[in-house]
Amino acid sequence: MFLIDNIKTYYGNIQALKGISLKIESGEIVTLIGANGAGKTTTLKTIAGLLKPKEGSVMLDSKNITGYPAHKVVKESVILVPEGRRVFSKLTVEENLKIGAYSRNIKMNKLNEEIKNIYTMFPRLEERKNQYAGTLSGGEQQMLAIGRGLMAKPKILLLDEPSMGISPIVVREIFHIIKNINKNFKTTIFLVEQNAKMALSVANRGYVIETGNIILEGTTEELKESEEVKKAYLGD
Ligand code: ATP
């Protein structure tokens, strides 16, 4: 179980998170939805050790990982797929996947077997395995970034706006894959999204963030029925 309690994060004097608390059970897909600038990326960066919270705690199972630097968070198998993909554009698709497993020190045959599993999930990546990552489409780069995250064998996979800048058809394809990753690998997923409709179509539960505060939480069914969510996030 992953537990965030009363997290407060600042950029200098500006308080971006005003006491965020949320819980993610093993095997769940939980989403955090909110508008531009609400504090979604800041929440993920705080969990991933890229920002230090001024107050509050981050617990992974019963381990307190609050304030761990990013490389130590990765060692705990908490893996961030950042906004905007950030694949290594001058490396091939397959080299990018290999880098994902870097922190695990696994044998070559195991590595190759796991890469095969990623290709089963993302056939487009296999077709393009020798291509430079920088030549892939935005959607394919997003697939590669997720695949690279999976190569780290995450206890929890943190996805920052996987729909960003990608055409609707490919977004649907990627969200379908996210659902399958959770189903087939039992990976716990924390999905941060502006695209509430897509996020609520794959998650089990969700939270709504506004200007650094969680203002609503519930099962996805409850959130989809909420007048507030409908009006502000689903365009109904
Ligand atoms: P987006 O969807 O645009 O990424 P978000 O919900 O992820 O939005 P954050 O990026 O977490 O929002 O930003 C939360 C708040 O913190 C915003 O008011 C933003 O202006 C501010 N902020 C973010 N990064 C910085 C920074 N490096 N320095 C100062 N303020 C920042």
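Residues are numbered from 1 along each chain as its sequence is written, and side-chain values use heavy atoms, with hydrogens and water left out. Because the model is predicted, local features need pLDDT of at least 70 and side-chain atom pairs count only at pLDDT 80 or more, while totals for chains, interfaces and linings use all residues.

The protein contains 10 helices and 10 strands; helices (H or I, at least four residues) and strands (E, at least two) are DSSP runs, numbered from the N terminus. Its C-alpha trace spans about 45 × 40 × 30 Å along the principal axes. The radius of gyration, taken over C-alpha atoms, is compared with a globule rule of 2.2 Å times the number of residues to the power 0.38. For 236 residues a compact globule would have a value near 18 Å, and the 17 Å of the protein agrees with this.

Of the 236 residues, 50% count as buried. Here buried means under 20% relative accessible area, exposed over 50%, and partly exposed in between (1.4 Å probe, protein chains only). The accessible surface comes to about 11,400 Å², and carbon and sulfur atoms account for 50% of it; these areas come from the Shrake-Rupley method with a 1.4 Å probe, and for residues only the protein chains shown count as cover. A contact means heavy atoms within 4.5 Å. Among contacts between residues at least 6 apart in sequence, 68% join residues at least 24 apart.

Helix H6 covers residues 138-150. From its first C-alpha to its last, this helix of 13 residues reaches 18 Å, close to the 18 Å expected at 1.5 Å a residue; the expected span is 1.5 Å times one less than the number of residues. Since 12 of its 13 residues are buried, H6 is largely enclosed by the rest of the structure. The buried residues include Met143, Leu144 and Ile146, and also Glu140 and Arg148. The buried residues of H6 pack against strands S6 (78-81) and S7 (156-160), and against helices H3 (93-100), H4 (108-121), H5 (123-127) and H7 (168-185).

Most residues other than glycine have a negative phi. Asn105 has a positive phi of about 55° although it is not a glycine, and Glu161 likewise has a positive phi, of about 45°. Asn105 lies in the loop between H3 and H4, and Glu161 is found in the loop between S7 and H7. Asn105 counts as exposed at 73% relative accessibility, whereas Glu161, at 5%, counts as buried.

Two further residues were examined by their surroundings. Thr46 is placed in helix H1 (residues 40-47) and is buried, with a relative accessible area of 5%. When residues up to four places away in sequence are not counted, Thr46 touches Ile7, Thr9, Leu17, Leu51 and Pro53. Lys23 belongs to strand S2 (residues 14-24) and is partly exposed, with a relative accessible area of 36%. With residues up to four places away again not counted, Lys23 touches Met1, Phe2, Leu3, Glu28, Val30, Arg205 and Tyr207. Lys23 and Arg205 are 182 residues apart along the chain, and their C-alpha atoms are separated by 9.9 Å.
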